Amino acid sequence: MSKHPKKHEGRAKVYSFIPTGEYYFHKGLEAYDRFDFQKAKKYLKRALELEPMEPMIACQLSLVYTETGEYAQSNELLLAILNEMDERMTECHYFLANNYAHLGVYSEAYRHAKLYLERDEIGEFAEDAEDLLEWIHQHEGDAESSMEQETLLYLQEKSRAMLEDGHYMEAVKLLKKLIKSHPEFWPAYNNMALAYFYGGNTDEAFRTLEKVLDHNKGNLHALCNLAVFYYYEQKTERLQSLLKLLEKIQPLNPEHRYKLGTTFALTKRYERAYCLLKQLQKTGYAGSPGYYYWLSKAAFFTGNQKTAEAAWNQLLVLEPQKAGSEPWNEDVKRSKNGEDNQYEELILKLLRSHEIPERLCAIFFMEISGRKRTIISSPSFKSLEEFTFPEKVYLATILQLEKDHEMNINVNVKTGHETALELYEQHASDQSELSVLLVDWFTAFEKMLETGEKLSNPSALAAATEYLSATERNKKKTQREIAKQYGISPATLRKYTNKIADYFIPL
C-alpha cells in the first residue's frame, strides 16, 4: 500500500492519444456532411493510410473524389475494393457506372450498371441504376459515335494523373499502348514526352516532341512543352527563338490559352502570361489549382497585387496546404533561407566538377537537402545532356524516392543511395571525413553501376567503404571496430570489403 495515499487523490489518469483509422474516418464523414470535401479528403486519406484494407473507408474516399471531379482516382479505389478488399460491396459497381457516365465512357458505365443490378437487383441504388441504363440507351447513337474519342480522353486523363503522382514509367507504358492503337493521337505523345523528361530520359523526351512536330506542325502543346524543356535545359537561344514564335499565337480555345499562359509564366515571361491568364478569368474560366497559382504569380510580378491576392485566395480554397508560399513572400523566404540558398549554390557548383564521383555526391546532397525540385528548376542547373549514365540513372531514381515508387526505381541505385545515407548518418558531424568517404563510395559505386554489379546490404557496403578508406589513408581502424559501428559482423565486413575492393580507387 502506498505510504502517501493522499497524493493520488483527485489525480486524473493520463492516456496517450493515438488517432486511429476509425477516428479519421469519422472526422472525414463529418467534413463530408458539411460539404467540406477538401477536409474530408484529407481525413479519409489519412484513415486509409492507417487501415489500408478497410473497404468502407476506401469507398467513402471514392465518393469524395467523385464530388471533387477526380473520377480516375475514385474509380481506382472502387476497383481496388472489388478486386482486393470485399467483392460483396456491390454498390461499388453503381458508383463506377456513375463515374464512367460523367467521364462519357458509356460502355463501362453500362457494364457496371448491369453488374450492379445482376448482383443486387433490389439494392439501395437499383432504381438509380435502371434510370442510368435508360439514359444510356436513349443516347446510344451518340454514345457509339463518340465512344472511341471519349475512351481516349479517359486514358489520357489517367496518364496525366500518373504524371502528377510521379509514376513516370507507368505513364509511359500506358501511353505506348495508347499510341500503338491510335498512332495519330498527339496528346498521348505530348504526355509521354513529359513522362520521359521528368523521369530523366531527356533524349527520348526531345525525340518524342520532334515526332509530333514532324507530323503535326504547329501542335501548340508540343511547342509549349519544348519551350519548358529548353528552359530547364538552359538552351537559351533556342528558348528565345521559340518564345518569339509563341508570342505571335492568339489562341481562341480556353485550354490552349491556359497552356500558353502557364508556359510563359514558367519561363518567367510574366507580362504575356498575365495577359493570357487574365483574359481567361474574364471569360469565367473555372480554373484548376495550377491556373490560380500561375495567375497569382504572373499578376504579382507584373504589379497587379489585388488580382494576385484574389487568385491566391481561390487557390487556398482548393489547396489549403499552399498557405505561406505566396509569391510576395518569396523575398522574405530568401532572407530567412540564406543558408539554404548558399547550400544550393554549393551543390550547383559541385555538379559542374570534372570528377564524376563528386557530381554523384552533389546529387546525393541535393536529395537530402529536401530542396531537389528547387535546385533542378534553377537556371544554373546544368543541362541533363551533360550528365553521364550513372548520374542520369541516380538522378531519375532520387526523383522517385520521395513517392517511394518501388516498382519504378533502380534497386542498385537505391542501395547505393542508402549506402551514402549510412555514411552520412555516421559522420554528419565531421564534414571533412564525410566528404572523403562519400567521394570514395561514389568512386566505387560509379564503376559498379557500369559493370552491373548487384548491390545489397547498405550497412555492409558503407562499413567496407570506411575500412578501405581508412586503410588507404593509414588511419588505424580495426575491422571489429568498424563492424560494430555499422551493426554487422566482422565476417560480413570482410565479405563486402572483398566485394568492392577492385572498384575502390580513391581520387
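Colleague: Which residues do ring pairs link into a cluster?

Modeller: The cluster consists of F364, F365, Y394, Y424, W441, F442 and F445, which are linked by ring pairs. Please keep in mind that this is a predicted model. A search of the whole structure finds 27 aromatic pairs.

Colleague: What makes F95 and F125 an aromatic pair that is edge-to-face?

Modeller: Their ring centres are 5.2 Å apart and their planes make an angle of 65 degrees; since centres within 6.5 Å count as a pair and planes over 60 degrees apart as edge-to-face, both labels follow. F95 belongs to helix α5 (residues 91–103), whereas F125 sits in the loop between α6 (106–119) and α7 (126–138), so the pair ties together parts that are 30 residues apart in sequence.

Colleague: Why do F95 and F125 count as buried?

Modeller: The cut-off for buried is under 20% relative accessible area; F95 has 13% and F125 has 17%, so each of the two meets it. Over the chain of 507 residues, 48% count as buried.

Colleague: How do you know that the length of helix α10 agrees with its number of residues?

Modeller: At 1.5 Å a residue, the 13 residues of α10 (residues 186–198) should span 18 Å, and the C-alpha atoms at its ends are 19 Å apart, which agrees. This helix is followed by G200, whose phi is positive, near 100 degrees.

Colleague: Why is α10 described as largely enclosed by the rest of the structure?

Modeller: Eleven of its 13 residues are buried, so the description follows from that count. Among them are W186, Y189, M192 and Y196, together with A193, L194 and F197.

Colleague: What is the place of F229 in the largest nonpolar core?

Modeller: That core has 60 residues, and F229 and L246 are those with the most contacts inside it. Its largest share, eleven residues, comes from helix α12 (residues 220–232).

Methods. Residues numbered from 1 in each chain as written. Predicted model: local features only at pLDDT ≥ 70, side-chain atom pairs only at ≥ 80, totals over all residues. Heavy atoms only, no water. Helix = DSSP H or I, 4+ residues; strand = E, 2+ residues; numbered from the N terminus. Expected span 1.5 Å × (residues − 1). Buried < 20%, exposed > 50% of the residue type's maximum accessible area, 1.4 Å probe, protein only. Phe/Tyr/Trp six-rings, centres within 6.5 Å; stacked < 30°, edge-to-face > 60°. Core = buried A, V, L, I, M, F, W, Y, C linked by side-chain atoms within 4.5 Å.
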